[in-house]
Amino acid sequence: MNSFRPFSSSSRILAKKASESAKKALLGRQSNKLTAGVVGLANVGKSTFFQAITRTSLGNPANYPFATIDTEESQVVVKSPILDHYLQLFQSQKKISSTLTIYDIAGLTRDASSGKGMGNKFLSEIRSVDGIFHMVRGFIDDEIIHIEENKVDPLRDIEIVNDELILKDLEYLESAIEQTEKLLKKPHSNVSKVQFALDTLLKAQDLLYNAKKISVENWSDEEIEVLNSVNLLTAKPMVYLLNVSENDLRSGTNEFQPGIEKWIRETCPKDKLLVFSASFESKIARGEESEESSSLGAVVQAMRESLNLISFYTCGPKEVRQWTVRKNTIIPDAAGVIHTDLKTTFITAQVYKYDDLRLEEAPLNESKLKASGKQLRVGKSYVVEDGDVLLIKAAKGNNR
């Protein structure tokens, strides 16, 4: 796909329909380079998981609380069957995958929001990430210490961590409300806009007082804009990771799982729960078990979905490459991810949809796709969808 090609009129109609999906604001940082942090009570397997998922020796797994003090960072490759399919379809020489940056954050403890156990430091580190892997211990092992009365109780642990996040968010909101009330009293302020912001913050405060996370509410676009300015911990999407024994993983049963599933349905239904075994993943990392049996690909994908991240692709004879954007991204912004100049000089783009390519065989017959109206031309209002193959045409010959 080295050159720009004409398109059929039917393809333009299809492309116009594809761009008519309503653009909905999303909670969280408006960036395509979002990150995730691994949090949970101390000594529940976070660092073991971090080493396994990053295939590194980073982190500090140890059988005592607060073995990790400083946050570790690593980039994890996003496994994409679509990328592998496009590699074969376009007969490219190499593939370049997207990555997800993950941080191993030190363990929380009860009363962390009051500063206990370096809690303020760790909570501020959680504030700097966009999504949360909430690690929960779901295995019984008398040789591994549990900081809460040395008793394994995942629901208790979940509630401790969530309570600390809520308490810290109430502090953030109290400060934001105070600043907004002062702004309301200033001359020449936009009273209606400031009052709306204040009402939104007070609504969020009431939600937290009822022990509910910000993420559970269906906020309007305007309310989301206000909340994003505060960067609340409980607005961040959460993927619960139930760390089970290898025996439980193999049998597909765990005594704590049904209770956690019920709690999530009733308390935070937008959050996800995945069952995995940090010890088993460590064996895979050491080459003692098959890589195909790893659940880490599903873990990364669950976080990407929670962060509303999707992928588009650029394909050619030299390379096929996966790029990451958030849902509802219009195509000039997606082009800017490839190169900043492409956003400002964007003219039009050629698009292949994944549904039109998934059953195709190599080498790709582009003439056949064009004749069947599956080679689409789109303009600046087009909203990029997961799996799209894009060829950007921009001014000054900047085509990608």
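# Briefing on a predicted chain

Tyr354 is partly exposed, at 26% relative accessibility. The model that contains this residue is predicted. Its chain has 15 helices and 12 strands, and 50% of the 400 residues count as buried. Among contacts in the chain with a separation of 6 or more, 72% are between residues 24 or more positions apart.

**Aromatic pairs**

- The structure holds 7 aromatic pairs. One of them joins Tyr86 and Tyr354 edge-to-face, with 6.3 Å from centre to centre and 70° between the planes.
- Tyr86 belongs to helix H3 (residues 81-89) and Tyr354 to helix H14 (residues 354-357), so this pair ties together parts that lie 268 residues apart in sequence.
- Tyr86 has a relative accessible area of 0% and is buried, whereas Tyr354 is partly exposed.
- The ring centres of Tyr240 and Trp263 are 6.1 Å apart and the planes stand at 85°; planes over 60 degrees apart count as edge-to-face, so this pair is edge-to-face.
- Tyr240 is in strand E6 (residues 238-243) and Trp263 in helix H9 (residues 257-267), and the pair links distant parts of the chain, 23 residues apart.
- One aromatic cluster is formed by Tyr86, Phe90, Tyr313 and Tyr354.

**Charges over rings**

- Arg127 has its charged end over the ring of Tyr172, 3.6 Å from the ring centre.
- Arg321 lies over the face of Trp323, and the distance to the ring centre is 4.3 Å.

**Helix H2 and its contact with H10**

- Two packed helices are described by the angle between their axes and the distance between the axes.
- For helix H2 (residues 46-54) and helix H10 (residues 278-285), the axes come within 9 Å and cross at roughly 35°. The crossing of H2 and H10 is left-handed.
- On the H2 side the contact involves Thr48, Phe49 and Ala52, which meet Ala278, Glu281 and Ser282 in H10. By class, the contact has 3 nonpolar, 2 polar and 1 charged residues.
- H2 is largely enclosed by the rest of the structure, because 7 of its 9 residues are buried. The buried residues are Lys46, Ser47, Phe49, Phe50, Ala52, Ile53 and Thr54.
- Phe49 and Ala52 are buried, and both are among the H2 residues that meet H10.
- Arg55 follows H2 and has a positive phi, near 55°.

**Backbone features in loops**

- A cis peptide bond runs from Ala362 to Pro363, with omega near -5°. Pro363 is in the loop between H14 and helix H15 (366-371).
- His188 is not a glycine, yet its phi is positive, at about 70°. This residue lies in the loop between helix H5 (154-185) and helix H6 (191-209).
- Asn328 is not a glycine either, and has a positive phi of about 70°. The loop that holds Asn328 is between strand E9 (319-326) and helix H12 (331-338).
- His188 is exposed, with a relative accessible area of 85%, whereas Asn328 is buried, with a relative accessible area of 17%.

Technical notes
Residues numbered from 1 in each chain as written. Predicted model: local features only at pLDDT ≥ 70, side-chain atom pairs only at ≥ 80, totals over all residues. Heavy atoms only, no water. Axes fitted to C-alpha atoms, helices over the stretch in contact; angles between N-to-C directions. Helix = DSSP H or I, 4+ residues; strand = E, 2+ residues; numbered from the N terminus. Left-handed = near helix turned anticlockwise from the far one by under 90°. Contact = heavy atoms within 4.5 Å. Nonpolar A, V, L, I, M, F, W, Y, C, P; charged D, E, K, R; others polar. Phe/Tyr/Trp six-rings, centres within 6.5 Å; stacked < 30°, edge-to-face > 60°. Buried < 20%, exposed > 50% of the residue type's maximum accessible area, 1.4 Å probe, protein only. Lys NZ or Arg CZ within 6 Å of the ring centre and 35° of its normal.
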